[in-house]
Amino acid sequence: MAQRVKLAVVGGRRGGAFGRALEALRERVELTAICDLDDEVLAMWRAHLPDISTFVSYEQMLDRSDCTAVLIATPPALHTKQAVQALETGRHVISEVFAAFTLDECWQLVETVEQTGLVYMMAENYCYGRPMMMVLNMAQQGMFGELTYAEGAYVHDARGMMLTADGEWTWRGRYPQTFNGNGYPTHSLGPVAQWLGVNRPGGDRLLTTATWMSQARSAPLYFRDRFGAEHPAASDDSWKMGDSATTIIQTEKGALIVLRFDAMSARPHNMVHYVLQGTQASYISGRRHHEREDHLLWIEGRSPGSSPRGDAEWESLWDYSDEYEHPYWRELGAVAEQAGHGGGDFFVLKDFLDAIETGIRPPIDVYDAVTWSSIVPLSAQSVARNGAPVEIPNFKRD
Ligand SMILES: NC(=O)c1ccc[n+]([C@@H]2O[C@H](COP(=O)([O-])OP(=O)(O)OC[C@H]3O[C@@H](n4cnc5c(N)ncnc54)[C@H](O)[C@@H]3O)[C@@H](O)[C@H]2O)c1
């Protein structure tokens with residue numbers, strides 16, 4: 001049996017959610033160390049895995065642990081710094097979303113990965129959902145024709161996750177008070193960028209982007225209702241981030257991408273919202289947690305009716321699964337689904353281990369990670385300039 005990858009985790013909450021995926025891949029990966037600032041989190045891990053080494057200091061974990069790879073699952077503002085530290089001590093890195101907060105961090109990450117030659121992958125698990133991968137498979141086989149338009153949305157009321165039980169701000173509560181822009185773009189952009197072949201040979205490139213924000217209303221109302229008008233977060237001035245962001249991206253080939261981000265508005269969690277439009281086919285996702293909606297597909301020449309004639313009829317995406325199910329889901333779907341987050345956590349880890357073991361480029365490499373993450377600082381720049389378009393750097397320099 002090949003040597004197992006010795007994995008250390010920093011950030012034990014989300015890191016813990018990978019438990020079932022790690023278990024499913026136990027013949028290839030061994031969890032050896034965990035680092036978290038919170039003793040309760042460390043105690044939880046020791047109770048579950050008595051042999052694991054635990055650390056409060058990340059630097060000490062990197063010094064003393066014999067890990068060969070690090071899973072970073074701390075709040076996003078720490079990701080670049082911790083990834084660079086791990087790479088510089090010779091560890092491969094898998095980082096939670098998003099990868100970087102600033103453009104300087106994006107470049108620092110690219111340069112460190114290039115200099116060290118180690119594996120870096122971003123754990124964007126939304127790319128691995130069954131419908132997302134089936135649409136990817138169809139797009140790669142040319143079923144959509146030329147791709148002209150795509151949408152992605154991450155709409156998740158996170159107001160209940162903004163304070164700890166002790167009344168401290170979590171990272172989700174802290175950064176909307178100082179940042180105004182699309183603050184979580186990779187869930188929405190990741191699958192779409194893969195459909196369009198962004199950063200791939202013969203594919204496409206993201207060129208320019210602009211973001212517009214609504215006013216900031218729902219967060220102050222929530223804190224006023226819950227804690228009273230005297231609470232510091234109850235005043236309108238304390239929230240910089242508007243409730244809803246719309247980001248537009250133009251690609252080199254002329255496709256248009258529209259992203260939505262909303263972590264404030266009162267509504268049921270709408271985990272999945274995607275659209276892909278090509279010259280020959282159209283896809284609209286069904287929304288999860290809403291069983292009356294199916295994933296819909298229409299393919300010119302195959303689906304019923306004619307679009308220009310006005311009698312085209314949607315079909316279920318699943319009518320085409322015998323033909324276009326992605327090989328990942330065909331072969332490993334049953335195992336992946338048991339491992340959490342709709343299979344995403346399993347496939348993310350599997351691809352990371354494949355990249356370490358074989359030296360092949362991970363499917364979400366450092367260039368994808370920073371291209372998708374750069375929407376965070378670029379959206380803030382655009383908003384500060386009243387929605388003006390800003391250029392997206394070519395991180396591959398090609
Ligand atoms: N892909 C997904 O589906 C998904 C889902 C949830 C969270 N996430 C991502 O996971 C990351 C963590 O999110 P979360 O909701 O678990 O956050 P959280 O605040 O609940 O947990 C973060 C943990 O990191 C620890 N931590 C903070 N600073 C540290 C440091 N310097 N050294 C060591 N430990 C430190 C904290 O003690 C805490 O236990 C974020 O990047 C988030 O975007 C992704």
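Author: In this predicted model, the largest nonpolar core has 116 residues, and Ala8, Leu349 and Val370 are those with the most contacts inside it. Helix 13, residues 344–358, gives the most to this core, with eight residues. The core lies between domain 1 (5–125) and domain 2 (127–326 + 365–391), because both domains give residues to it. Leaving out residues up to four places away in sequence, Leu349 touches Phe18, Ala21, Leu22, Leu25 and Val29.

Next come the two domains. The domain assignment of the chain gives domain 1 as 5–125, while domain 2 is made of 127–326 together with 365–391. Their centres, taken over C-alpha atoms, are separated by 26 Å. The contact between them takes 19 residues from domain 1 and 18 residues from domain 2. On the side of domain 1 that touches domain 2, the elements giving two or more residues are helix 6 (103–116) and strand 6 (120–122). Helix 6 supplies the largest share of that side, five residues. By kind, the residues on this side of domain 1 divide into 16 nonpolar, two polar and one charged.

Phe98 is placed in the loop between strand 5 (92–95) and helix 6. A cis peptide bond, with omega of about -15°, joins Val97 and Phe98. Most peptide bonds are trans, and most residues other than glycine have a negative phi.

Two asparagines have a positive phi. For Asn199, phi is near 70°, and for Asn386, phi is near 60°. Asn199 is found in the loop between helix 9 (186–196) and strand 8, whereas Asn386 lies in the loop between helix 15 and strand 15. Their surroundings can be judged by counting C-beta atoms. A residue needs 20 or more others within 10 Å to be buried, and 12 or fewer make it exposed. Asn199 has 21 other C-beta atoms within 10 Å, so Asn199 is buried. Asn386 has 8 within 10 Å, so Asn386 is exposed.

Leu297 has Glu315 in strand 14 as its bridge partner.

Thr170 lies in the loop between strand 7 (147–155) and helix 8 (171–174). With 14 C-beta neighbours inside 10 Å, Thr170 counts as partly exposed. Apart from its neighbours within four places in sequence, Thr170 is in contact with Met161, Met162, Leu163 and Thr164. Thr170 and Glu23 are 147 residues apart in sequence, and their C-alpha atoms are 29 Å apart in space.

Key:
Residues are numbered from 1 along each chain as its sequence is written. This is a predicted model: local features need pLDDT of at least 70, side-chain atom pairs count only at pLDDT 80 or more; totals for chains, interfaces and linings use all residues. Two strands pair if DSSP finds at least two bridges between them. Helices (H or I, at least four residues) and strands (E, at least two) are DSSP runs, numbered from the N terminus. Domain bounds come from an automatic or database domain assignment. Two residues are in contact if their C-beta atoms, placed from the backbone, lie within 7 Å. Ala, Val, Leu, Ile, Met, Phe, Trp, Tyr, Cys and Pro count as nonpolar, Asp, Glu, Lys and Arg as charged, and the others, Gly among them, as polar. A nonpolar core is a set of buried Ala, Val, Leu, Ile, Met, Phe, Trp, Tyr and Cys residues joined through C-beta atoms within 7 Å.
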